[in-house]
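The sequence and the structure are shown first.

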Amino acid sequence: TMILPCRSFRCGAALLALAANICCTSGRIVSVPDLHGDFESAVKILATAKLIDGESLDWIGGDATLVQTGDIADRGDDSKKIFELFQRLGKEASEAGGSVINLLGNHEVLNLQKDLRYVSQNDIESFGGRKERAEAWGPDGWLGAWIRNCPVTTVVGKVLFVHAGILPGILQHGSVDDLNRAFKAALAKVDAGGALTSDERDLLGTEGPVWARDYAFHDNAQVCHMAREVLSRVGALRMVVGHTVQSDHHVHTHCDGRVVLGDTGVSTFYHGMMSFQEHDGEEI
């Protein structure tokens, strides 16, 4: 499989005329889209972004904030290695004054729901077998306990990050923190085998933050009005999403730069483009 060059996309606010306010944090803000079990590409991307040493794989990003927008799991064979890497980098970054934020994607949620349709046999074997993988992903497993504490969305500086997109109706839960708490509670109810409320079904369903494709599929007045409403309510200037692979494997924007579509098909499963996005207030 051909490995394509790593492409960076520097997100700015020229079209929003608010560039001076885009970053309220002191360090760099870097996001990485869906990785889908491709450890080699994950390492190359993080090294190219100067967040890790390419040999030791140690954190060298200082006070940078790294946001991975979900879907480490499924399709590829090495999700375990990627999860282990991000867990370690989270500790190292924190010690250096930086941070690593892993968001939930729909494929993490599918695994928590025990939907294994997209899990490769090699991925199963990397855990030691089906039983061992199930234990690792369980509520008390080394991976499952960690994943259940990952947020579904975050705001860093003036950038809203989420796997698929946040629609206005989902924000009835209140703030970003309230949304994260509600999503975590819904997943806990799934673990317990309880009946989901209508709101909880919406959170985990096709219009929820890990599945909605409205912003990726449409760039019209109605959708852009929704984007502006959501961004205004959370105090952000743009929304960065993954989830929907771009057909030409390049980063694109909708709604005059307010929505960044970051999934470039990084995994060799898609034969796409390795990429990261740096959100530093420069012009697009």
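**Basis of the description**

This is a predicted model, in which local features need pLDDT of at least 70 and side-chain atom pairs count only at pLDDT 80 or more, while totals for chains, interfaces and linings use all residues. Residues are numbered from 1 along each chain as its sequence is written, and side-chain values use heavy atoms, with hydrogens and water left out.

**Overall make-up**

The chain has 10 helices and 10 strands. Both are DSSP runs numbered from the N terminus, helices being H or I with at least four residues and strands E with at least two. Of the 284 residues in the chain, 55% are buried. A residue is called buried under 20% relative accessible area, exposed over 50% and partly exposed in between (1.4 Å probe, protein chains only). Among contacts in the chain with a separation of 6 or more, 70% come from residues 24 or more positions apart; a contact means heavy atoms within 4.5 Å.

**The five-stranded sheet**

Five strands build an open sheet with mixed pairing, in the order E5-E6-E7-E9-E8. Two strands pair if DSSP finds at least two bridges between them. At the edges stand strand E5 (153-156) and strand E8 (252-254), each of which pairs on one side only. On average, neighbouring strands of this sheet are turned by 25 degrees against each other, direction ignored. Axes are lines fitted to C-alpha atoms, for helices over the stretch in contact, and angles run from 0 to 180 degrees between N-to-C directions.

E6 and E7 run parallel and are joined by three bridges; Phe161 has Val240 as its bridge partner in E7. E7 and E9 also pair in the parallel sense, over three bridges, and Met239 stands opposite Val259 in E9. Which way do the residues of E7 point? Arg238 and Val240 point one way, Met239 and Val241 point the other way, and all are buried.

E8 and strand E9 (residues 259-261) run antiparallel and are joined by three bridges. Here His254 stands opposite Val259 in E9. Helix H7 (residues 176-192) lies across E5 and strand E6 (159-162), running at about 160 degrees to E5.

**Aromatic pairs**

Rings of Phe, Tyr and Trp (its six-membered ring) pair if their centres lie within 6.5 Å; planes under 30 degrees apart count as stacked, over 60 as edge-to-face and the rest as tilted. The count by this rule is four aromatic pairs. One of them is the stacked pair of Phe127 and Trp142, with 6.3 Å centre to centre and 25 degrees between the planes. This pair links distant parts of the chain, 15 residues apart: Phe127 is in the loop between helix H4 (121-126) and helix H5 (130-137), and Trp142 is in the loop between H5 and helix H6 (144-147). The rings of Phe269 and Tyr270 have centres 5.0 Å apart and planes at 85 degrees, so this pair is edge-to-face. Ring pairs also link Phe83, Trp137 and Trp146 into a cluster.

The table gives the accessibility of the residues in the two pairs described.

| Residue | Relative accessible area | Class |
|---|---|---|
| Phe127 | 10% | buried |
| Trp142 | 37% | partly exposed |
| Phe269 | 42% | partly exposed |
| Tyr270 | 25% | partly exposed |

**The disulfide**

A disulfide is a pair of cysteine sulfur atoms within 2.5 Å, and the count by this rule is one. Which residues does the disulfide join? Cys224 is joined to Cys255, with an S to S distance of 2.2 Å. Because Cys224 lies in helix H10 (residues 221-234) and Cys255 in the loop between E8 and E9, the pair ties together parts that are 31 residues apart in sequence. The link is left-handed, with -85 degrees about the S-S bond. Both Cys224 and Cys255 are buried. Another cysteine, Cys150, is buried with a relative accessible area of 12%.

**A buried polar contact**

Glu278 is found in strand E10 (residues 275-279). At 10% relative accessibility, Glu278 counts as buried. The side chains of Glu278 and Arg28 are joined by a polar contact of 3.0 Å. A polar contact is a pair of N or O atoms within 3.5 Å; within protein, one must be able to donate a hydrogen and the other to accept it, and residues adjacent in sequence count only if both atoms are side-chain atoms.
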